[in-house]
Amino acid sequence: PMRTVTPTFLAFCFACSDAGVTKHNAIPEVVITSHTDGTSVREGETITLQGQVGDVDHSLSDLEVTWLVGGSETCIDSAPDESGLVACDAMFAIGGGDVSLSVRDPAGAGASTGITLTVQETSAPVAEILEPIEDAHFYADETITFRGHVSDAEDVSTDLTVNWETDELGDRGLDTDITSDG
């Protein structure tokens, strides 16, 4: 007897899963380079803040930069230059030394850093009119000499800006020479 052998083929089915290729979006980098925590600045003085931003996945021109000074957004048009440098000119008030620099890339990844500056209170300059004396009388064709003294606790006299003004006519636009003694 002849036996017939029928080969049986087993079909193996392999299940393959294509999860797709995913791209990892790196978090941008950000650092404030101009100042460190506790650096002292003077109230009302304009300070240039500087930082550095970067992103391995996106060009610098695609990054959105936000500066917060004292909790308020400032330097709204700040954008990184070709090396990633960002700058912001800001003034500080007493109690307003918190600075934050944030960066966000087009894919939504972001990072931020912050520092707290110590804002030193400043005093207003002092001005005193020495000539002409109050209640003095002059003729219309007479030359009047104006002389005064200015001083400031934080700045030397020659760094001050002096304007002569009247209640009725405002700033008179007079040339003023300031000596080192005020």
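**View 1. Two salt bridges are counted in this predicted model**. A salt bridge is defined here as a side-chain nitrogen of Lys or Arg within 4 Å of a carboxyl oxygen of Asp or Glu. The model is a prediction in which local features need pLDDT of at least 70 and side-chain atom pairs count only at pLDDT 80 or more, whereas totals for chains, interfaces and linings use all residues. Residues are numbered from 1 along each chain as its sequence is written, and side-chain values use heavy atoms, with hydrogens and water left out.

**View 2. Arg 42 pairs with Glu 45 in a salt bridge**. The closest N and O atoms of Arg 42 and Glu 45 are 3.0 Å apart. Arg 42 is partly exposed, because its relative accessible area is 24% (buried means under 20%, exposed over 50%, and partly exposed in between, with a 1.4 Å probe and protein chains only). Glu 45 is likewise partly exposed, at 31%.

**View 3. Glu 131 and Arg 147 form a salt bridge**. Their closest N and O atoms lie 3.2 Å apart. This pair links distant parts of the chain, with Glu 131 in strand 10 and Arg 147 in strand 11, 16 residues apart; strands are DSSP runs (E, at least two residues) numbered from the N terminus. Glu 131 has a relative accessible area of 31%, and Arg 147 is partly exposed at 43%.

**View 4. Cys 75 and Cys 88 are joined by a disulfide**. A search of the whole structure finds one disulfide (cysteine sulfur atoms within 2.5 Å). The sulfur atoms of Cys 75 and Cys 88 are 2.0 Å apart. The torsion about the S-S bond is about 85°, so the disulfide is right-handed. Cys 75 lies in the loop between strand 5 (72-74) and strand 6, and Cys 88 in strand 6, 13 residues away. Cys 75 is partly exposed at 22%, whereas Cys 88 is buried at 1%.

**View 5. Val 99 sits in the largest nonpolar core**. Such a core is a set of buried Ala, Val, Leu, Ile, Met, Phe, Trp, Tyr and Cys residues joined through side-chain atoms within 4.5 Å. This one has 21 residues, and Val 99 is among those that touch the most other members, as are Leu 49, Trp 67 and Phe 92. Elements giving two or more residues to the core include strand 3 (46-54) and strand 7 (98-104). Not counting residues up to four places away in sequence, Val 99 touches residues including Ile 32, Leu 68 and Leu 117 (contact means heavy atoms within 4.5 Å).

How values were computed
Helix = DSSP H or I, 4+ residues; strand = E, 2+ residues; numbered from the N terminus.
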